[in-house]
Amino acid sequence: FDEVRGLRLEKLREPGAGMWEFARSDAHWLLGKIPLTDEKSAILERIVRQRIVRVLPTSNRPDFGHSDWKITARTDQGEETLTIAFLLNEVVASNPARSDRTLELYPEFAGALRAFTQARFTPRKSGTK
């Protein structure tokens, strides 16, 4: 996680669909050249540091054609994209750069993304409270 130099968050569904790009300089996150507040930096750190519950069998691969989010992390080695879908009571993700298997993430990941949309990074704030 300390290798992440940039982060692009793409909310693919309405309300509040949009794209946000952040850069990391030492321990601070930047929106353009403007450093984020400690509170907003903490929200990004929550997103970056989410944990995996389990790797699902290949037979349980959902359709990621209608995903909710895409998160692209940029490191010195290149970029990796995590595609995220909310399915009933599960948060699942796919990272084809690492595996063809689906990942189940902890439900707190949805809360971290919701906190991001509610933090007023842009005027395109989600209508969900």
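**Exercise 1.** Determine which side chain meets that of glutamate 79 in a salt bridge, and where in the chain the two partners lie.

Solution. In this predicted model, the side chains of glutamate 79 and arginine 8 meet in a salt bridge, with an N to O distance of 4.0 Å. Glutamate 79 belongs to strand β7 (residues 78-87) and arginine 8 to strand β1 (residues 6-11). The pair therefore links distant parts of the chain, 71 residues apart.

**Exercise 2.** Identify the network that contains arginine 8.

Solution. Step one: the side chain of arginine 8 also forms a salt bridge with that of glutamate 10, at 3.5 Å from N to O. Step two: through shared partners, Arg8, Glu10 and Glu79 are joined into one network. The whole structure holds eight salt bridges.

**Exercise 3.** Describe the surroundings of serine 94.

Solution. Serine 94 lies in strand β8 (residues 90-94). Its relative accessible area is 4%, so serine 94 is buried. Neighbours within four places in sequence set aside, serine 94 contacts Arg61, Phe64, Thr81, Leu82 and Thr83. Between the C-alpha atoms of serine 94 and proline 15, 79 residues apart along the chain, the separation is 23 Å.

How values were computed
Residues numbered from 1 in each chain as written. Predicted model: local features only at pLDDT ≥ 70, side-chain atom pairs only at ≥ 80, totals over all residues. Heavy atoms only, no water. Helix = DSSP H or I, 4+ residues; strand = E, 2+ residues; numbered from the N terminus. Buried < 20%, exposed > 50% of the residue type's maximum accessible area, 1.4 Å probe, protein only. Contact = heavy atoms within 4.5 Å.
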